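Please read the following report alongside the sequence and the coordinates. It takes up the chains, the confidence of the prediction and the contact between the chains.

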Amino acid sequence: MNDCCTVPAFEPAVHTSVKTAGELRTIALIGPPNSGKSTLFNRLTGLRQKVANYPGVTVEQRMGRMAGIGRDDLTLIDLPGIYSLDAYSEDARVSIEVLEGHMPGTPKPDAVLLVLDALHLTRQLMLAAPVLALGLPTMVLLNMSDLMDARGGAVDPLLLAQELGAPVALVSATRGTGLDSVQLFLNQHGGKNEQPKLMLPVLGNAMSTHRWAAQVSSRTGYRAPLSAKATRRVDAVLLHPVWGPLTFLVVVFGVFQVVFSVGLPLSNGLQDGLAHLGKWATGFLPAGWIRSLVLDGAWNGVTSVLVFLPQILLLFLFIGILEDTGYLARAALIADRVMRSIGLNGKAFIPLLSAYACAVPAIMATRTIENKRDRLATILVTPFMTCSARLPVYMLFIAAFIPNIAFAGGLIGLKTIVMLSLYAIGFLAALVTARLLKSSILKSSETPFILELPQYRMPTLRSLGLRLVDRARVFLKQAGTVILCVTLALWVLANLPVHGGHGPELGESIIGRLGHFIEPVIAPLGFNWKIGIGLLTSVLAREVMVGTMGTLYGADPETQSLSLQTALHHDLPLGGAVALMVFFAFALQCTSTIAVVRRETNSWKWPAVQFAYMLALAYGAAFLTNIVVTALWG
Amino acid sequence: MRPLRRLSELEVGETGVLVALELPPGVQNHLMYMGFVPDAQVKVLHRAPIGDPTVYAVDGIEIALRRETAREIRVDSGRLKTKPEMIREAGHEPTQEEPAKELVEAGR
């Protein structure tokens with residue numbers, strides 16, 4: 001359905017012959033968190049795995065063929081970052097199970113590419129000991145070597161190779177340098193199995209491993225580069241008791257203001273353009289039911305969702321900047337105090353923030369939370385965060401119902417305030433629910449908060465651009481599949497049964513009767529029957545609501561000539577409109593989220609509880625909202 | 001011998017040499033793999049706006065810990081490494097106000 005983050009299913013390279021001993025087929029990428037494994041994975045496979053600048057971006061194994069260096073026959077596995085081979089959290093356990101060949105559906109790797117961040121080699125070498133002890137052919141890649149050189153660091157890769165008994169290469173995944181050595185390594189190890197022949201420290205003892213790593217780095221002439229001072233200077237402001245939170249608030253308000261002041265005109269322009277295009281193109285179709293099906297049904301429904309693409313891309317741009325610069329980890333740090341008061345720790349804030357884009361990857365990202373009960377609580381409250389699929393619904397109803405009133409000398413408008421309030425009530429619901437869970441069924445002792453803060457980095461235009469392109473593709477695909485199907489079905493149901501060659505009045509059609517049948521349930525919320533149909537279809541995904549409105553109001557002769565906003569404005573009381581937005585803030589209308597919660601909790605119990613709880617909360621809150629808004633402004 | 005201090009007692013800008021960790025084994029091991037090993041130099045960089053957690057620089061990286069974790073880490077705040085002992089570590093650029101704050105770990 002709403003495949004916010006799915007990648008095409010991977011098919012392993014086809015091998016007809018039986019695998020001979022030592023033959024290379026599967027290669028694993030392993031290394032500490034934020035050392036650049038996924039960037040390297042993308043280089044070597046030509047794929048576009050998500051990369052960002054915080055530890056814990058990759059939380060599950062991803063496979064791809066090494067087409068980027070012309071080795072389609074080899075499968076590369078990208079793994080979550082680990083500090084050691086002790087599984088401290090769920091994502092680390094994935095890496096260890098894959099390395100040991102215990103992960104169902106993932107072949108045991110025949111060789112390992114160990115990626116170490118050359119900027120912090122001494123500490124990163126601590127992982128080399130247990131990985132080399134696995135006995136697999138291993139190549140050590142010192143990533144970010146370009147930055148090491150630029151900042152005056154040095155290491156002798158030949159000496160290091162001797163020390164480790166494994167080939168070593170200086171690479172830069174972002175620039176794509178040094179990858180020919182990977183190719184050489186893979187070619188050489190095509191037919192033989194080489195055992196490392198080095199003296200490894202006693203495993204499992206961090207102290208001795210560290211001593212070994214320090215000795216190795218000293219013997220190989222490692223000179224650590226000077227740290228970029230920029231990070232500490234920026235943090236002096238962003239973690240400042242006053243300037244830090246203030247900057248954060250200004251940025252958040254600014255983003256929403258931009259979504260309105262820049263995004264809305266873009267949307268409206270797109271809407272006009274698409275409406276004209278639809279009229280012009282369907283002019284070539286014969287007048288009658290076919291033209292009506294295409295224009296009033298499909299085109300109206302699909303384009304009413306499509307017009308929100310600019311706003312969604314603006315939001316993703318903002319989230320992308322947060323993730324790529326390294327600010328996300330700081331946000332988790334600042335939020336720790338609040339999170340602790342509800343019984344969670346700051347780490348849970350990273351998935352919650354990324355849920356502003358989409359709850360599905362956010363729920364996956366909870367794997368970095370070490371405590372199982374904390375993780376479950378976070379999964380259960382994540383869908384309360386305002387994901388981008390709610391944005392079209394909010395934008396449509398705010399544009400239709402909330403007047404343009406400026407406050408603070410025109411700096412902020414009423415529409416922005418309403419939007420921010422909707423985001424705020426979602427966040428509050430998440431906090432309160434987490435507090436309830438953590439003080440009752442999911443009570444546990446506190447887990448320590450340990451978080452590595454990455455250096456700030458300038459996001460590259462390429463990385464941000466790719467995110468937007470990928471996002472736009474997902475959005476268009478959704479509009480062209482789910483929303484198209486729903487709107488076509490709705491149009492058909494709105495035009496049946498046919499009596500004497502004429503379609504029925506909308507209220508008498510199948511969809512109309514269904515709508516009127518469920519109307520008593522939703523009438524107390526101030527909704528009409530068309531909204532009721534929208535609530536049913538939006539269980540698939542929230543933005544289907546907007547497409548449904550587009551089709552139903554397009555199929556009704558009375559409202560056909562009006563824009564969707566005007567049609568809604570005439571057909572729905574203000575109380576019902578605000579109640580609807582509140583309903584969407586709380587309800588779990590997303591089959592993808594339900595599916596991922598089932599997978600991550602390994603039971604139907606939790607998604608069922610979550611769905612029922614969120615529905616009850618949504619109904620109750622919408623009911624109250626309708627009463628209050630109608631009493632005050634109705 | 002100077003009395004040891006808790007890491008949580010160090011002020012922002014202070015540096016100490018780590019002496020011992022007194023944490024549950026799982027947490028302790030995790031921290032050691034992140035660089036919190038005996039003899040490592042730890043510097044207090046920032047406190048979060050409400051005063052907790054705190055960001056520490058260790059082994060060239062920055063790690064945030066809560067007060068209750070930092071109080072179980074013992075440091076010697078007077079024993080700084082002298083120049084000849086010094087081996088330059090990532091993230092520790094010698095400057096005038098912090099003359100010798102480098103970690104000596106390697107090669108002994």
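The report below begins with conventions and then turns to the chains and their interface.

## Basis of the model

This is a predicted model, in which local features need pLDDT of at least 70 and side-chain atom pairs count only at pLDDT 80 or more, whereas totals for chains, interfaces and linings use all residues. Residues are numbered from 1 along each chain as its sequence is written, and chains are lettered from A and ligands numbered from 1 in the order in which they are written.

## Architecture of chain A

Chain A contains 25 helices and nine strands, these being DSSP runs numbered from the N terminus (helices H or I, at least four residues; strands E, at least two). Its radius of gyration, 28 Å, is close to the 26 Å that the globule rule gives for 634 residues, so chain A is as compact as a globular protein of that length; the radius is taken over C-alpha atoms, and the rule is 2.2 Å times the number of residues to the power 0.38. The C-alpha trace of chain A spans about 85 × 60 × 45 Å along its principal axes.

An automatic or database domain assignment divides chain A into domain 1 (26–227) and domain 2 (461–633), and the centres of these two domains of chain A, taken over C-alpha atoms, are separated by 48 Å. Among contacts in chain A between residues at least 6 apart in sequence, 74% join residues at least 24 apart, where a contact requires C-beta atoms, placed from the backbone, to lie within 7 Å.

## Confidence in chain B

Chain B has a mean pLDDT of 76, with 70% of its residues at 70 or more; pLDDT is the predictor's confidence in each residue, from 0 to 100. Over residues 82–108 of chain B the pLDDT stays under 50, although the model has 58 contacts beyond four places in sequence for them. Where pLDDT is low, the predicted coordinates should not be read in detail.

## The interface

For the complex, the predictor gives an ipTM of 0.81 and a pTM of 0.82. In the model, 37 residues of chain B are in contact with 37 residues of chain A. On the side of chain B that touches chain A, α1, β3 (41–47) and β5 (61–65) of chain B each supply at least two residues, and the largest share, seven residues, comes from α1(B).

Strand β9 (residues 450–453) of chain A runs antiparallel to β5(B) and is joined to it by four bridges, where pairing of two strands requires at least two DSSP bridges between them. Within β5(B), Ile63(B) is the bridge partner of Glu452(A).

Technical notes:
Contact = placed C-beta atoms within 7 Å.
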